[in-house]
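Please read each point beside the structure.

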Amino acid sequence: MYLFVYPYGCTEQTVSRAFPLLYLEDIMELTDQMKATKKQNVQIALQKIYERQAGNGMIRYWPGSYTSHYNDYISSYAGHFMIEAEKKGFQLGAGVMAKWKKYQQTKARTWKPYYTTGGYINNELVQAYRLYTLALHQSAEVGAMNRMREMDKLQGPSLWFLAATYMLIGQKEEAAKLAERADKVDYYSYYGYWYYGGNGHKAIIY
């Protein structure tokens, strides 16, 4: 299967290779060999994440301590994967999630938007996804969520992530209001390099 041989070793592709494997048994019947291969690949991905965790809890894009390897979206993505892996029965490394949670909370509380061409949209999406993963971890930063909700320039994907975050903490009415705002925004209008385009945005919605 292609997922078992996904080609590159950065944290984004390491997680992208292993994340779908968590759900294979939900959608198809696996042979014993496939189950063993799936388990091995997920465990390898988790180990790579552990090895790339910095002392402050963030997850690096590549191994090593270079500042250019720091990437907050990837920290959220790797944390999201670890949360879901644990739900599927994988045991996580001691202390990994505690450090990740502390980093995410610190960044969430101190986040500020910046308004450069294209950069703002990516910057806000980083915060929205960070807040979503914290809520998924049952560590919601409601203050940061409320501050972001009041911003009037939020783009579609960020609004959808924020709506989902409010749903996770049981605030359905607020989630519905954010989803209504998101429906009125062109969620394809972003600029510059990013991890996904239109299909990724649709995946967030559905």
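Is Gln 138 buried or exposed? Gln 138 is exposed, with a relative accessible area of 77%. Here buried means under 20% relative accessible area, exposed means over 50%, and partly exposed lies in between (1.4 Å probe, protein chains only).

1. Basis of the note. This is a predicted model, in which local features need pLDDT of at least 70 and side-chain atom pairs count only at pLDDT 80 or more, while totals for chains, interfaces and linings use all residues. Residues are numbered from 1 along each chain as its sequence is written, and side-chain values use heavy atoms, with hydrogens and water left out.

2. Overall make-up. The protein has ten helices and zero strands. Helices (H or I, at least four residues) and strands (E, at least two) are DSSP runs, numbered from the N terminus. Along the sequence, the pattern reads α-α-α-α-α-α-α-α-α-α. Of the 206 residues, 51% count as buried. Contact means heavy atoms within 4.5 Å. Among contacts between residues at least 6 apart in sequence, 63% join residues at least 24 apart.

3. Gln 138 in its loop. Gln 138 is found in the loop between H6 and H7. The phi of Gln 138 is near 60 degrees, a positive value in a residue other than glycine.

4. Helices H1 and H4. The axes of helix H1 (residues 11-18) and helix H4 (residues 72-87) come within 10 Å and cross at roughly 25 degrees. Axes are lines fitted to C-alpha atoms, for helices over the stretch in contact, and angles run from 0 to 180 degrees between N-to-C directions. H1 and H4 are therefore roughly parallel to each other; angles under 35 degrees count as roughly parallel, over 145 as roughly antiparallel, 65 to 115 as roughly perpendicular and the rest as oblique. The crossing of H1 and H4 is left-handed, a term used if the near helix is turned anticlockwise from the far one by less than a right angle, with right-handed used if clockwise. On the H1 side the contact is made by Thr 11, Glu 12, Val 15, Ser 16 and Ala 18, and on the H4 side by Ile 74, Tyr 77, Ala 78 and Phe 81. These residues divide into six nonpolar, two polar and one charged. In this count Ala, Val, Leu, Ile, Met, Phe, Trp, Tyr, Cys and Pro are nonpolar, Asp, Glu, Lys and Arg are charged, and the others, Gly among them, are polar.

5. Helices H7 and H8. The axes of helix H7 (residues 142-149) and H8 come within 11 Å and cross at roughly 140 degrees. H7 and H8 are therefore oblique to each other. The crossing of H7 with H8 is left-handed. Met 145, Asn 146, Met 148 and Arg 149 of H7 meet Leu 162, Thr 165 and Tyr 166 of H8. The residues of this contact comprise four nonpolar, two polar and one charged.

6. Arg 149. This residue belongs to helix H7. Is Arg 149 buried or exposed? With a relative accessible area of 19%, Arg 149 is buried. Leaving aside neighbours within four places in sequence, Arg 149 is in contact with Leu 162, Tyr 166, Glu 174, Leu 178 and Arg 181.

7. Aromatic pairs. The structure holds seven aromatic pairs. Rings of Phe, Tyr and Trp (its six-membered ring) pair if their centres lie within 6.5 Å; planes under 30 degrees apart count as stacked, over 60 as edge-to-face and the rest as tilted. The ring centres of Tyr 61 and Trp 62 are 6.0 Å apart and their planes lie at 75 degrees, so this pair is edge-to-face. Tyr 61 is buried at 17% relative accessible area, whereas Trp 62 is partly exposed at 37%. The ring centres of Tyr 132 and Phe 161 are 5.7 Å apart with planes at 50 degrees, so this pair is tilted. Tyr 132 lies in helix H6 (residues 119-136) and Phe 161 in helix H8 (residues 156-168), so the pair ties together parts that are 29 residues apart in sequence. Tyr 132 counts as buried at 17% relative accessibility, and Phe 161 is buried at 9%. Phe 19, Tyr 23, Tyr 77 and Phe 81 form one aromatic cluster.

8. Ala 203. This residue is placed in helix H10 (residues 198-205) and counts as exposed at 56% relative accessibility. Ala 203 and Pro 157 are 46 residues apart in sequence and 9.8 Å apart in space, C-alpha to C-alpha.
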